[in-house]
Amino acid sequence: MRRATLADVAAAAGVSVPTVSKVLSGKKHVSAATRDKVLEAVRTSGYEAPRPPSRPRAGVVDLLIEGLGSPWAQVLIGGAEKAAARWGFSLVVTSSARSDFDLRRWIGMVRKRNTDGVVLVLSRADQREITALEELLHVPLVLVDPVGQRDPRLSSVGATNWLGGVMATTHLLELGHTRIAFIGGPLDTQCTLDRYEGYLAAHRTFGIDSDPALARYGDFLVTGGKAIGGDLLDHDDPPTAVFAGNDLQAAGVYQAATERGVRVPGELSVVGFDDSMLCDMLSPPLTTVRQPLDDMANEAVRLVAEELTHPRGPSGTRIELATTLVVRGSTAPLHPDPATGNHATPGPSVAEHR
């Protein structure tokens, strides 16, 4: 029996052979209706794409990450190194935050070393850059905590950011706080949007209206957390609690509170996100939402290895790992002093729960 060809699929779908090729390779610039017709023609014709000849593996995976110095990045890099060794790869790490970094030049270097796959940890990568990587590298490409809306054609690994936002805010609401500030990262990062939606959802569950004036967006850095935290604390009606979009911004809130003589957690409860090594270094230790960064890195490298063995079609794999709330000493019940109206110092700090 004659095997179906691209021409057969094109004839059945009423489109050109190049259009069929674009759909099967996951390229853009094809309407949803045309894509659906082509995929239906593929199914009914029994067309099977020929497997590309396998090339020798170099035993190398590249990790491109925005910065190297933060605790968050250090955990991810460490997890990727362990995973690479587990799967038989060497890991090459590059920071895109270097002043001399050029994406096209980096792609050229990656091609020269014949890398087997790329893991991207770039909160600022736009779709044009992702497309350039796809078109020029032709290797498995896995995104960790990708920016913007997820591209269903690419494999990605993330955490349950929405649920993390719910847990952090619910914890503060259960302690009696109703004026809870949110300090997110940049607005164009999907994790920030998801955490903020979780923050709003928790308020709705408790039947409490969140104050839009208490929602701010920063840069995921200590300096940004300090500046925004200071502005919030200088407000005529300041928050009694802050949910910061990461541990670094939470540390900045600590600094702003210290400068103003505001006690944590006596007058201000603070929750972070990540559960980085910074949490136990702060005083009091930081209550935070743990995202399993080590596991996320491991899954990203595993997906590279899996896609080398079993190449995927036009859709990728999405993995979301669970977040958990880790309660430490930076949060406490809201207890107004009946005589002054100020928040009284609570009893012993909340114990850590892992």
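**View 1. Strand β9 and its partners in the predicted model.** In β10, Thr-288 is the bridge partner of Gly-272, and strand β10 (residues 287-290) pairs with β9 in the parallel sense over four bridges; two strands count as paired if DSSP finds at least two bridges between them. The model is predicted, so local features need pLDDT of at least 70 and side-chain atom pairs count only at pLDDT 80 or more, whereas totals for chains, interfaces and linings use all residues. Residues are numbered from 1 along each chain as its sequence is written, and side-chain values use heavy atoms, with hydrogens and water left out. Strand β8 (residues 241-244) is joined to β9 by three bridges and runs parallel with it, with Phe-243 standing opposite Val-271 in β9. Helices (H or I, at least four residues) and strands (E, at least two) are DSSP runs, numbered from the N terminus.

**View 2. The open sheet of six strands.** Its strands follow the order β2-β1-β3-β4-β5-β11, with parallel pairing. At the edges stand β2 (90-95) and β11 (318-321), each with a single partner strand, so one side of each is left without a neighbour in the sheet. From one strand to the next the twist averages 20 degrees. Within this sheet, strand β4 (residues 141-144) and strand β5 (residues 155-159) pair in the parallel sense over three bridges, and Ser-156 in β5 is the bridge partner of Leu-143.

**View 3. Helix α5 and its two faces.** The buried residues of helix α5 (residues 103-112) are Leu-103, Trp-106, Ile-107 and Val-110. These residues cover an arc of only 105 degrees around the axis, which puts them on the same side of α5; the arc is that of the directions from the helix axis to the C-beta atoms. The face turned away from the buried side of α5 carries the exposed residues Arg-104 and Lys-112. Just after α5, Asn-114 takes a positive phi of about 55 degrees.

Technical notes
Buried means under 20% relative accessible area, exposed over 50%, partly exposed in between (1.4 Å probe, protein chains only). Axes are lines fitted to C-alpha atoms, for helices over the stretch in contact, and angles run from 0 to 180 degrees between N-to-C directions.
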